[in-house]
Amino acid sequence: MVLHSCLTGTTFHSLRTLTFRLLPYYPRPLLPLAIRSLSTSAAAVTHENQVVKPQWKAAIDFKWIRDNKDSVALNIKNRNSNANLELVVQLYDKLLNVQKEVEKLRAERNAVANKMKGKLEPSERQKLIEEGKNLKEELVTLEEELLKLTDELQQEAQSIPNMTHPDVPLGGEDSSTVRKMVGKPAEFSFPVKDHVQLGKELDLFDFDAAAEVSGSKFYYLKNEAVLLEMGLVNWAVSEAMKRGFTPLTTPEIVRSSVVEKCGFQPRGTNTQVYSIENSDQCLIGTAEIPVGGIHMDSILSESSLPLKYVAFSHCFRTEAGAAGAATRGLYRVHQFSKVEMFILCRPDESDSYHEELIGIEEELFSSLGFHFKTLDMASEDLGAPAYRKFDVEAWMPGLGRYGEISSASNCTDYQSRRLGIRYRPESSSSSSSSSKKGKNAAPTQFVHTLNATACAVPRMIVTLLENFQQEDGSVIIPEPLRPFMGGLQIIKPKHIQN
């Protein structure tokens, strides 16, 4: 299996999170199907003018985009997106005109066919045959143009980002606002070491061997660090299960189309996604992707919602462009273990579940004794799927700064419209007999999806080692983790261990 960096430009940490008029106070998303007469096998045109089949189509409401052009344009500007709204509107208007012409020609062809059913003079019949032939040729040409326009419109519109929560601060990352500050920075009476030095002295990592075997930004964990990784994972899964989440392990190779449907870009100049050569598959950068796909193209019952999952997986990221002292050691790596929470819910509940997710994260990190701040991330840092995103940044004394250890995003129905995940609201007014026949059944709606990181192992290890280091070079294990590490309370330098 040959891996190469799949070539697009959005980083995974900012790729978390369109919202719709499902409730009066929700901004309507950019997305019900505007074109119903075209099949999903419609042809698309590449830059080489070769006809290929598109992989999938999002349920984008092009009419809503056109009718709310000013709001959409402002949102694109606020999020610093490169989506081409003018082209989307132009393509949609052109498509509607071609669609009208197609319908007109079809009606004319049907009229000719009906005339030929009666008794006609040979000359009159021949005239109708010629007219029908000409109409058919015109129709074939227009239908081909319609298919091409449909795919071009779909491709352009898919790049339009989600709408944005009205409380999200505008601007770049520096404009993000602090929601909560927990704890205080640890105080030390001795020179502080960073996790790289601590790991070397405690014999916990081997970056040099990993660089020889795999390349830079890979690592071996050794000795107590192995127990620490397993302990962190089991602790995070256990804590999420206590809160009603169903545990999952996921595939770590998925189809490129699923990556795209979740809002990530597997191809481009600065992609964070590893693709598998000569295939349509990629390595996942987060369990959010395979968990998002587990109910793809399905209609859920309202009574089954919310669906809450906590998933363990390994994650793979190219970390294109990442370099410098701020990313050294375990802070930014190509492969790591992570525990991810994921919720599918009714649209009216996603704001409250977003608060629940960030609350769980804050509880978990507080219980470990971390000093951290929770941020309401600014509009330019959201990434296409996120309606709103909260980040958690923990104090890392060895690095001398705060570092992101987690995030929680409300993606509203941006992902579900691409993944095809709906639910059917229960209708108390419909009788059981009519419901069985599908009569008077409430129309389906798209679910809202949310994701949040319970534990990204390498950065948790960085935070733990640097905050709980002792003057003698040892590191204390926080109490909640000890039962998951065989009762281990402290990691000691090898020369002072009994």
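Visitor: In which helix is Q154 found?

Guide: In this predicted model, Q154 is found in helix α4, which covers residues 122-157.

Visitor: Why is Q154 called buried?

Guide: The relative accessible area of Q154 is 6%. Buried means under 20%, so Q154 counts as buried.

Visitor: Which residues is Q154 in contact with, leaving aside its neighbours within four places in sequence?

Guide: Q154 is in contact with K57, A58, I60 and F62. The word contact is used because heavy atoms lie within 4.5 Å.

Visitor: How many helices and strands are there in the protein?

Guide: The protein has 13 helices and 21 strands. Of its 498 residues, 52% are buried.

Visitor: Which strands form the open sheet with mixed pairing?

Guide: That sheet has 3 strands, in the order β11-β17-β18.

Visitor: What makes β11 and β18 edge strands?

Guide: Each of them, β11 (298-301) and β18 (445-446), pairs on one side only.

Visitor: How do you know that β11 and β17 pair?

Guide: Two strands pair if there are at least two bridges between them. Strand β11 is joined to β17 (residues 421-424) by 4 bridges, so the two count as paired. They run parallel. One of the bridge partners is Y423 in β17, which faces L300 in this pairing.

Visitor: Which residues does UniProt list for "binding site"?

Guide: The unreviewed UniProt entry lists T286, R317, E340 and N451.

Visitor: Where is R317, and why is it called buried?

Guide: R317 sits in the loop between β12 (307-316) and β13 (335-345). Its relative accessible area is 8%. The limit for buried is under 20%, so R317 is buried.

Visitor: Where is N451, and is N451 buried or exposed?

Guide: N451 lies in strand β19, residues 448-456. With a relative accessible area of 0%, against a limit of under 20%, N451 is therefore buried. A polar contact of 3.3 Å joins its side chain to that of E288.

Visitor: Why is N278 called exposed?

Guide: The relative accessible area of N278 is 79%. Exposed means over 50%, so N278 is exposed. N278 is in the loop between β9 (274-276) and β10 (281-283). Its phi is near 60 degrees, a positive value in a residue other than glycine.

Visitor: Is T412 buried or exposed?

Guide: T412 has a relative accessible area of 0%. As buried means under 20%, T412 is buried. The residue lies in the loop between β16 (401-410) and α11 (414-419). T412 also has a positive phi, about 40 degrees, although it is not a glycine.

Visitor: What joins L305 and P306?

Guide: A cis peptide bond joins them, with omega about 0 degrees. P306 lies in the loop between β11 and β12.

Visitor: Why are C315 and C345 called buried?

Guide: C315 has 0% relative accessibility, and for C345 the value is also 0%. Buried means under 20%, so both count as buried.

Visitor: How many disulfides are there?

Guide: The count is 0. A disulfide would need a pair of cysteine sulfur atoms within 2.5 Å.

Note on methods:
Residues numbered from 1 in each chain as written. Predicted model: local features only at pLDDT ≥ 70, side-chain atom pairs only at ≥ 80, totals over all residues. Heavy atoms only, no water. Buried < 20%, exposed > 50% of the residue type's maximum accessible area, 1.4 Å probe, protein only. UniProt positions renumbered as here; feature names shortened; annotations may be inferred. Polar contact = N/O pair within 3.5 Å; in protein donor to acceptor, adjacent residues only side chain to side chain.
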